[in-house]
Amino acid sequence: MLAEHKLQLQTLNKSQKNVTSLSSKFPLKSEEDLQKVESEICDSNEEKYISAVKYLIDGSAIKNLERIFSREICVMYNTDGICGKKCLKNFKRIYKIVIGNCNK
């Protein structure tokens with residue numbers, strides 16, 4: 001039983017390290033950051049990014065959105081790119097990860 005607990009703790013610790021390392025990429029502060037993270041996200045690591053965003057949002061997207069996007073990005077972008085702002089939906093992978101976590 002102790003061996004099983006040790007294995008579970010090691011697995012949890014490993015996943016926590018992945019979340020922490022990805023969390024350091026946030027908040028996204030510029031268009032270059034958006035493009036860089038968008039290009040880094042792929043099918044094989046999407047779950048890790050989802051976990052990192054979920055960790056950063058911490059249950060309240062309204063209160064913690066600035067942990068994902070800086071104020072500058074929030075001012076420059078909106079979902080659909082209306083009212084003279086740029087469209088966040090153009091960053092399909094980032095949009096999918098953030099919106100997916102906001103709706104939970």
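This is a predicted model: local features need pLDDT of at least 70, side-chain atom pairs count only at pLDDT 80 or more; totals for chains, interfaces and linings use all residues.
Local features were taken at pLDDT of at least 70 and side-chain atom pairs at pLDDT 80 or more, while totals for chains, interfaces and linings use all residues. Residues are numbered from 1 along each chain as its sequence is written, and side-chain values use heavy atoms, with hydrogens and water left out.

Helices (DSSP runs of H or I, at least four residues) and strands (E, at least two) are numbered from the N terminus. Helix H2 spans residues 31-40. Its residues Leu34, Val37 and Glu38 are buried (under 20% relative accessible area; exposed is over 50% and partly exposed in between, with a 1.4 Å probe and protein chains only). Seen down the axis of H2, these buried residues fall within an arc of 105 degrees, so they line one face of the helix. The arc is taken over the directions from the helix axis to the C-beta atoms. Glu32, Lys36 and Ser39 are exposed and sit on the face of H2 turned away from the buried side.

Helix H1 covers residues 2-23 and includes Ser23. Ser23 counts as buried because its relative accessibility is 10%. Its contacts (heavy atoms within 4.5 Å) are with Ala52, Tyr55 and Leu56, leaving aside residues up to four places away in sequence.

In a cavity, a 1.4 Å probe fits but cannot get out; a pocket is an open set of points with protein on both sides within 12 Å along at least five of seven lines. Lining residues have an atom within 4 Å of a point. Points are joined across faces, edges and corners, and a volume is the space filled by probe spheres set on them.

One cavity of 30 Å³ or more was found. The largest cavity holds about 40 Å³. Its lining includes Val37, Phe26, Tyr49 and Ile68. Helices H3 (46-57) and H6 (92-102) each supply at least two lining residues; H6 gives the largest share, three. The lining comprises 10 nonpolar residues (Ala, Val, Leu, Ile, Met, Phe, Trp, Tyr, Cys and Pro), with no polar and no charged ones. Asp, Glu, Lys and Arg count as charged, and the others, Gly among them, as polar.

The largest pocket has a volume of about 210 Å³. It is lined by 14 residues, of which Leu65, Phe69, Thr79, Leu88 and Ile99 are the closest to its centre. Helix H4 (61-64), helix H5 (71-76), strand S1 (77-78) and H6 each supply at least two. The largest share, four residues, again comes from H6. The pocket lining divides into 12 nonpolar, two polar and no charged residues.
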